[in-house]
Amino acid sequence: MDAGTTPDRASAAPMPSLFSPYKMGKFHLFHRVVLAPMTRCRALNGMPNSAMVEYYSQRATDGGLLITEGTTISPAAAGHVHVPGIFKKEQVAGWKDVVDGVHAKGSIIFCQLWHAGRALHSSFQADGIVPISSTEKPISERWKVQLPDGSLEIYPKPRKLETPEIPELVQQFRQAAIHAILAGFDGVEIHGAHGYLLDQFMKDGVNERRDEYGGSLPNRIELTMQVLEALVSAIGADRVALRISPLFDHLDAMDSDPLGLGLAVIARINQLQRECGSKLAYLHVTQPRLSALVAESGEWQNWKTDEIVRMMREWRRAYEGTFMSSGGFTRQLGIEVVAEGDVDLVGYGRTFISNPDLVRRLQLNAPLNQYVRDTFYTHDPVVGYTDYPFLKTHVQDPTPLVHLSMKISHN
């Protein structure tokens, strides 16, 4: 082809779509709509149960990707009451039932591993253990924690994690990842976002340490990288993912240079991937909501500000692997960001809570059920959890998403 010649349109690669297949490492996805991780508080006493089997199975689709709610790595890690753990053998057995139900529908499922750090209350803990963090500063009174009786209270003062305690914390993440694989999960997502423990170490608005885990940007991301490296060595890079939120200010977790923070994390991941000869499953970056306004309908307005788009695209260009984003996406926004090449996969949260058949509804451009915010964190095994209606069966589906010959891998 001569220089400057435009390639024949028929020979050009097809434009990616929210509903087109995608190869995520060894996993073949049939579409790019992902169930984003969301706390639901239905795991009574930390145990996965039959209600959770139904909830996740309802949202499973052939060739789809689901990410679980934050799942605690130790008894002292829970940021809410009745959230699931994966540090006991009984929890592993409970999660296996969930995973089996999802796999029966043809979906892939990753377990999000979580430690809340200072974003929890001592009343959640056995013996009233004091929360740990990168700081001794509590979360400001702008934020409230919900106690088991439903009342709201300010967050308590944490204790700064001692340097010799760091290896034990890393080991807890590693063991949780091994437990997840034993439960049958296809992989794990490290929760390094939203003001929780790893994010508390990464953000200079929270981290006030003077050891090798504080001060400079390379030091602040060191704990996250040690956790990542430990999991990669334990279960393989292609089964490990990381979620970060450099621009997100949830729970006072702010950074003076969010662009630099994101790029520093990405540079270290790229280096790790080259060294081990395998890419992570994906990098999950929360789309910031700094200028978003929420209407009563739940629709996000003014989502695409120039600064947000610029930073997200810089991180996208820098990362050498699958790039996922979530945070207030509508159908149209999801279609746009995939078509424009800004992301490979789009995570949907609240709309997936109220629409167990969200993938089908988005494909058909069908009306969505409205979510009921008051039931997000209640403990009822049905109401606001598994009782949202599906589309009527007579609604005609369009052309199938993928050829029937495509196979899904859970290896």
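Mentor: A helix here is a DSSP run of H or I with at least four residues, and helices are numbered from the N terminus. The model is predicted.

Trainee: Which residue just after H3 takes a positive phi?

Mentor: H3 covers residues 166-182. Just after that helix, a positive phi of about 100° is taken by Gly184.

Trainee: How far does H3 reach from its first C-alpha to its last?

Mentor: H3 has 17 residues, and at 1.5 Å a residue the expected value is 24 Å. The model comes close to this, with a C-alpha span of 25 Å.

Trainee: Which helices and strands do the buried residues of H3 pack against?

Mentor: The buried residues of H3 include Ile166, Leu169, Val170 and Phe173, along with Ala176, Ala177, His179 and Ala180. Their packing partners are helix H2 (89-104), strand S5 (108-114), strand S10 (187-192), helix H4 (197-202) and helix H6 (222-235).

Trainee: Which residues touch the most other members of the largest nonpolar core?

Mentor: In soluble globular proteins, nonpolar side chains tend to be buried together. The largest nonpolar core here has 87 residues, and H6 gives the most to it, with eight residues. Leu231 touches Phe173, Ala177, Val188 and Ile190, among others, not counting residues up to four places away in sequence. The core members that touch the most others are Leu113 and Leu231.

Trainee: In what order do the eight strands close into a barrel?

Mentor: The pairing in the barrel is parallel. Neighbouring strands of this sheet are turned by 25° against each other on average, direction ignored. The order is S3-S4-S5-S10-S11-S12-S15-S16.

Trainee: What is the bridge partner of Arg243 in S12?

Mentor: Strand S11 (residues 240-244) and strand S12 (residues 282-286) run parallel and are joined by four bridges. In S12, the partner of Arg243 is His284.

Trainee: Is Asn355 buried or exposed?

Mentor: Asn355 sits in the loop between helix H10 (350-354) and helix H11 (358-364). Buried means under 20% relative accessible area. Asn355 has 0% relative accessibility, so this residue counts as buried.

Terms used
Residues numbered from 1 in each chain as written. Predicted model: local features only at pLDDT ≥ 70, side-chain atom pairs only at ≥ 80, totals over all residues. Heavy atoms only, no water. Helix = DSSP H or I, 4+ residues; strand = E, 2+ residues; numbered from the N terminus. Expected span 1.5 Å × (residues − 1). Buried < 20%, exposed > 50% of the residue type's maximum accessible area, 1.4 Å probe, protein only. Contact = heavy atoms within 4.5 Å. Pairing = 2+ DSSP bridges. Axes fitted to C-alpha atoms, helices over the stretch in contact; angles between N-to-C directions. Core = buried A, V, L, I, M, F, W, Y, C linked by side-chain atoms within 4.5 Å.
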